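Please read them alongside the sequence and coordinates.

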Amino acid sequence: MITLYGVGEGFGLPEISPYVTKTEVQLKMAGLAYRKLRGQREDSPKGQLPYIDAGGQRIADSTFIRGYLERSFGLDLDAGLDARGRAQAWAIERMVENHLSWVAAHAVWLDADNFAKGPAHFFDDAPEGVREALRRDVQQRVRETVLVTGVGRHSEPEIVALGLRSLAALSAMLGDSRYLMGDRPCGADATVFGLLAYILTPFFESELRRQAEGFANLTAYVDRMMAEFYPEFAWTPAAAEPAFAA
Ligand SMILES: N[C@@H](CCC(=O)N[C@@H](CS)C(=O)NCC(=O)O)C(=O)O
């Protein structure tokens, strides 16, 4: 039995981490039995979540986990795609993980209200004397990382404008299709769904979320994917709760 180590439910999402969501949805797409536990990044071979334990072997990084699952179980999450389709799926995934995710991290981690409402609570159980310092340190680490990616060097409106271009690209690629690459899901659907849900969760208010809510096909896609892969989760669809009062 595979054990998936993740962050857990929260922030209006069935799983807080978009990368853990990606792996979990890919496990579900593959029809593999797994159990899920709350993990500590210190226990992960790469210092990040997700990681999995498969028969005593620990594998980290969502992309390498996918590769391991495909190799070990004779799966192809991109079955049905030709070389061009696979290349497009990879390019989409890179845009989401290496660009849009930093724009989203900026909206959640580096906005004072969103940080206080969400990530700050990761440290609620820390001793009172160090709690605030831990919060400040982790926020500073995210700030530095977002700066190193280049995203953090821009003004807030510029960052949102860059995010908007990626959202528009995703919307154009999805079009009227049920899934990103047509009528059946591919591996990148798990990635795109994970991050779009993170952006669209009604738990946080951000200009990025407001922009994302403007793409009806993206919000419908997240609602559909949520119903398909997390049917037991009470997701609040975008239309049900406007980001900002008129
Ligand atoms: N490339 C990694 C990224 C995973 C990642 O960024 N995980 C976050 C949680 S969303 C994490 O563990 N962050 C802690 C850290 O980087 O110290 C993957 O695809 O698995």
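1. L218 and its contacts. Apart from neighbours within four places in sequence, L218 contacts L167, L170, S171, L174, L196 and A212. A contact here requires the C-beta atoms of two residues, placed from the backbone, to lie within 7 Å. The model is a predicted one, in which local features need pLDDT of at least 70 and side-chain atom pairs count only at pLDDT 80 or more, while totals for chains, interfaces and linings use all residues. Residues are numbered from 1 along each chain as its sequence is written.

2. The largest nonpolar core. L218 is also one of the residues that touch the most other members of the largest nonpolar core, together with A104, V192, L196 and V222. This core has 61 residues. A nonpolar core is a set of buried Ala, Val, Leu, Ile, Met, Phe, Trp, Tyr and Cys residues joined through C-beta atoms within 7 Å. A residue is buried if 20 or more other C-beta atoms lie within 10 Å of its own, exposed if 12 or fewer, and partly exposed in between, with C-beta atoms placed from the backbone. Because domain 1 (1-77) and domain 2 (81-231) both give residues to the core, it lies between them.

3. The bounds of domain 1 (1-77) and domain 2 (81-231) are given by the domain assignment, which is an automatic or database one. Their C-alpha centres are 18 Å apart. Domain 1 brings 14 residues to the contact and domain 2 brings 18 residues. On the side of domain 1 that touches domain 2, helix α1 (residues 18-30) gives the most, with eight residues. Helices (H or I, at least four residues) and strands (E, at least two) are DSSP runs, numbered from the N terminus. That side of domain 1 comprises eight nonpolar, three polar and three charged residues. In this classification Ala, Val, Leu, Ile, Met, Phe, Trp, Tyr, Cys and Pro are nonpolar, Asp, Glu, Lys and Arg are charged, and the others, Gly among them, are polar.

4. The strands. Strand β1 (residues 2-6) pairs with strand β3 (residues 51-54) in the antiparallel sense over four bridges, and I2 stands opposite A54 in β3. Pairing means that DSSP finds at least two bridges between two strands. β1 is also joined by five bridges to β2, to which it runs parallel; here the bridge partner of I2 is Y34.

5. The β3-β4 hairpin. β3 pairs with strand β4 (residues 57-60) in the antiparallel sense, again over four bridges. Y51 stands opposite A60 in β4. Two residues lie between the strands of this hairpin, where G55 takes a positive phi near 60°.

6. The ligand shell. Which residues are around the ligand? They are S17, Y19, R41, G47, Q48, L49, P50, D61, S62 and T63, where a residue is near a molecule or strand if its C-beta atom, placed from the backbone, lies within 6 Å of it. By class, the shell has three nonpolar, five polar and two charged residues.

7. Backbone geometry in the shell. The peptide bond from L49 to P50 is cis, with omega near 10°, and P50 belongs to the loop between β2 and β3. D61, although not a glycine, has a positive phi of about 85°. D61 is located in the loop between β4 and α2 (62-73) and is partly exposed, with 18 other C-beta atoms within 10 Å.

8. A further positive phi. F11, a residue other than glycine, has a positive phi near 55°. The loop between β1 and α1 holds F11. Is F11 buried or exposed? F11 counts as buried, because it has 20 C-beta neighbours inside 10 Å.

9. Two exposed positions. P127 lies in the loop between α4 (112-117) and α5 (128-148) and counts as exposed, with 8 C-beta neighbours inside 10 Å. From P127 to S155, 28 residues apart in sequence, the C-alpha to C-alpha distance is 35 Å. A234 belongs to the segment after α9 (216-229) and is exposed, with 8 other C-beta atoms within 10 Å. The C-alpha atoms of A234 and V192 are separated by 20 Å, the two residues being 42 residues apart along the chain.
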